[in-house]
Amino acid sequence: MRIFDSGKIAPDFYVTGPPGGPVYLLNADRPALFDAGVSAFAQAYVNDIRAALDGRAPAYLFLTHAHFDHVGSAGVFKRVWPDLAIVASPTSADILRRPGAIELITLLNAGSLSLAREQGFEPLNEAPFEPVTVDLTAAPDQIFDLGGGLTVQAMAAPGHTRDFTSYWIPARKILISSEAAGNNDGAGAVLPEFLVDIDGYLANITRFAQLDIEILCPGHKLVLTGEDAREHLRRSPAATRQYIAMAEDFLRDTKGDLDAAAEMIKEAEWEPLPWPKQPEQAYMLNTRQRVLKVWERMQAK
Ligand SMILES: [Zn+2]
């Protein structure tokens, strides 16, 4: 099944905030949040989380990576729930301390605030991104106990970014892959999301495909369950190789002009997508980076 709505989607498992930029919640003895969306939706997440937990406080916030649309409300969460333990990879923790990264995260969150305002989103958090400190760093494969037989396994998954961690909840067969396994266009097509390491990215998907998955959370737009979840993982490697071939063609056509090739990919991939979709500024930053990685790989051959 493909679930495009927020709310309770499985026993004790919720999508909070808008599905395009969700925060996932697993209710347990020690409730856990996964990712922190954008700053503009902070109040929407907090309202949904409070309602689902009946006023109890979440114990953990697990961050997949330090991109602006995955850490945007973490500082608000920490202010609202001061005992919340924020968990991320050591690399994410480093990135979130760097002034340059904080500046970029703040800028991109301001961009998505403008977009949310234009679209009349309510309730809107108008405050800028609040910087955040990681409390606990997750080692590869580290297991966190939520009580009542529920555990969360951190899975180091560099490829989309260097700092990436996916999270596996074995008792519920839920994988919070976020972008480590690519996005889904909603019709079933997989959009590759490698940014730093193409081969590492493909290796992560192979590892995920070996898990007994019932619920897959790609990080944006929708949640996939059952056969749709497994189908996404099956299609993801081929979609990645197809994307690489397309980028190689454009790079050959433009004689290695990275900007021109990125524009051609935007026309082929991003422009046909309906809204809501990734804002153009963030999409182009990422596409330019993917084109660079393909170019480097061509040169190394
Ligand atoms: Zn990302």
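This is a predicted model: local features need pLDDT of at least 70, side-chain atom pairs count only at pLDDT 80 or more; totals for chains, interfaces and linings use all residues.
Entry 1: I started with the strands and found an open sheet of seven, in the order β2-β3-β4-β5-β6-β7-β8, with mixed pairing. At the edges stand β2 (7-10) and β8 (136-137); each has a single partner strand, so one side of each is left without a neighbour in the sheet.

**Entry 2: inside the sheet.** I then looked up β5 (residues 32-34) and β6 (residues 60-62), which pair in the parallel sense over three bridges. Leu 33 has Leu 61 in β6 as its bridge partner. Helix α1 (residues 42-53) lies across β3, β4 and β5, and I noted an angle of about 15 degrees to β4.

**Entry 3: salt bridges.** Arg 297 is partly exposed at 25% relative accessible area, and Asp 199 is partly exposed at 47%.

Entry 4: Lys 266 and Glu 263 meet in a salt bridge at 3.9 Å, N to O. Both lie in helix α8 (residues 258-270), three residues apart, about one turn of the helix. I found Lys 266 buried at 8%, whereas Glu 263 is partly exposed at 36%.

**Entry 5: a network.** Which residues are linked in a network of salt bridges? I wrote down Glu 214, Glu 227, Arg 230, Glu 231, Arg 234 and Arg 235. The side chains of Glu 227 and Arg 234 meet at 2.3 Å, N to O, and Glu 227 is partly exposed at 45%.

Conventions:
Residues are numbered from 1 along each chain as its sequence is written. Side-chain values use heavy atoms; hydrogens and water are left out. Two strands pair if DSSP finds at least two bridges between them. Helices (H or I, at least four residues) and strands (E, at least two) are DSSP runs, numbered from the N terminus. Contact means heavy atoms within 4.5 Å. Axes are lines fitted to C-alpha atoms, for helices over the stretch in contact, and angles run from 0 to 180 degrees between N-to-C directions. Buried means under 20% relative accessible area, exposed over 50%, partly exposed in between (1.4 Å probe, protein chains only). A salt bridge is a side-chain nitrogen of Lys or Arg within 4 Å of a carboxyl oxygen of Asp or Glu.
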